[in-house]
Amino acid sequence: MEDTGKEFCSVLFNVLLQHGVRNVVCSPGSRNTPLLIAAASRVSMKKYFAIDERSAAFLGLGLAMVKQEPVALICTSGTALLNYAPAVAEAYYQGLPLIVVSADRPIQWIDQDDSQTLRQDNALCNYVKNSYTIPALGEDNDEMTWYVNRITNDAVLEACGGKPGPVHINIHLSEPLNIKKEKKESKPRIINEFKGDSIANKEIISSLACKISNSKVLLVVGFGLPDSYLQKSLSDFSKFPNIAVMAETISNLHFKTEDYSVDTVLTAFNIEELEKISPDIIISLGGSLISRKLKEYLRRIKDKCEHWSVGYFHTTSDPFMSLSLKIEVEPSRFFRNLSKSLNKIKIAENVINYKKWWTEKRAEAIEKKNNFIAHSDWSELKAFNLLLNKIPTDYNLFFSNGTPIRYAQIIKYRLPHASYCNRGVSGIDGTLSTAIGASLAYKGNTILISGDLSLAYDVGALGIKEIPQRFKIIVIDNQGGGIFRFIPSTSELKEREEYLCQPPLLPLKDLAHGYGWNYSEASDEKSLSNAISEFLKSSNKAILKISCDGENSARTLKEYMKLKV
């Protein structure tokens, strides 16, 4: 049997089929030809036909109403989609899972007086649970194929989850539309979902625990707020010998110190060595990861493992391209129940040393890192190494984006009371204001560690009257945007210094004195050792400026990131 030659349409319908979508209502057209071919070639799908899209949508509504299962609708481009609106609105308020799949012209032809083109993306946004767009580009691109798989999975889960309802997938299709290829049997990656109620089911928890007991498990923790209940449940879960931990600096969970050496260990070993200790299961929780190396590593091994995501997310978050299970439940509750079940099961012999393997690798990597820093010249790396070993553990730390949060990932030895950074969208605007707000909410001391460029973005916040005396700022002056001297996409540009790393006009000493802050400076290891002690003793608001040559700091960091044990 032949299938459509449009890979995205084939992937979309394979996922729908695997999720159990068995009923499809089709209307004729030309732009939706690849979608109709894809539906026709899947014989286990029951196809219904209605020329008028308004009738087609109500036909699907009736099917979904009585069958109590998701029904897909296929229409062509133009006003055809708008004719779905009455039935889709009815489905939304009745809570019925219609999956609208509309064909669209390539986006570059929208609003260009081309035939049957109008603004179809989000056209039904007021009456669907979510809208999705698939562009007409990159069908031979693995990343785009993964994208289509992910959002189709997300669309079905959204349509059927919680209170069911309609969703809209708008797929832009370019010519030719009638191409075909031999149909190949395919079992696409399906993302399953467990909700809170199902996690209370002892049989489900027991089956997950049984799978874990026979697997090498890597627990990956992104940013999060301090949570004593989660701390306890994860501490118990991470004690099992087949479970290794990769916790980020701002996870605000207190594991063993080596569990935070994420970039350190991934820097120290080559691809082959790391693949030898790759996990069978990744379990992730928390927000987006800072570590680019960790994301690259987990994406590289995506075909060797599965990924369980724990917690509540706005959408199907699949950062490692291997998501197989969404567990939408309070993480502390899930891990507490899972640990109880695991305590009753024997861990398999072939995975019992997994934690030990990672511990040994980390010990080698940390020794190499310490030796490198000890013998390196003055740089940001050396400054952060000294700073983060001096700041007391009862402090709250707030990091700016750019290099400060990345150095914290590399250096961190001792955990402070809590660590924060604006990592939701990783911008540098508003860093000082956010840190001030955080300091007002904590009775202890708070230190903001910021780059000079990040501070300049929000320097007006120094005029906030409510800033507490216990708030302090450390500014790393590397003469502009230091991260642009490091990251591959910009580090070699001839325009870099003039257009990206331009140093801000930031008269810190004058600002400190003008606003009544204490002020100090350091420009080498000895002066920083002296300055940090006085800075921490100060009972007044204080600013400490640490000067490091930006070029040398970037060069040192690059050298370190290339280290191999």
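**Salt bridges**

I started with the network of salt bridges that links Glu-193, Lys-195, Lys-326 and Glu-328. My cut-off for a salt bridge is a side-chain nitrogen of Lys or Arg within 4 Å of a carboxyl oxygen of Asp or Glu. By that rule I get 25 salt bridges.

A note on the source: this is a predicted model, so I take local features only at pLDDT of at least 70 and side-chain atom pairs only at pLDDT 80 or more, while totals for chains, interfaces and linings use all residues. Residues are numbered from 1 along each chain as its sequence is written, and side-chain values use heavy atoms, with hydrogens and water left out.

Next I looked up Glu-175, whose side chain meets that of Arg-31 in a salt bridge (3.4 Å, N to O). Glu-175 sits in the loop between β7 (167-172) and β8 (180-182), and Arg-31 in the loop between β2 (23-26) and α2 (33-40), so the pair ties together parts that are 144 residues apart in sequence. Helices (H or I, at least four residues) and strands (E, at least two) are DSSP runs here, numbered from the N terminus. For burial I use relative accessible area: buried is under 20%, exposed is over 50%, and partly exposed is in between (1.4 Å probe, protein chains only). Glu-175 is exposed at 56%, whereas Arg-31 is buried at 5%.

I also checked Glu-497, which forms a salt bridge with Arg-496, the closest N and O atoms being 2.9 Å apart. Glu-497 is partly exposed at 32%, and Arg-496 is buried at 10%.

**Helix α12**

Buried residues in α12 include Phe-334, Phe-335, Leu-338 and Leu-342.

**Largest pocket**

I get a volume of about 910 Å³ for the largest pocket. A pocket, on a 1 Å grid over the protein atoms alone, is an open set of points where a 1.4 Å probe fits, with protein on both sides within 12 Å along at least five of seven lines; lining residues have an atom within 4 Å of a point. The volume is the space filled by probe spheres set on the points, which are joined across faces, edges and corners. Of its 40 lining residues, Leu-285, Gly-286, Gly-287, Ser-288 and Phe-313 are the closest to the centre. Elements giving two or more residues to the lining include α5 (142-160), β12 (281-285) and α11 (292-300).
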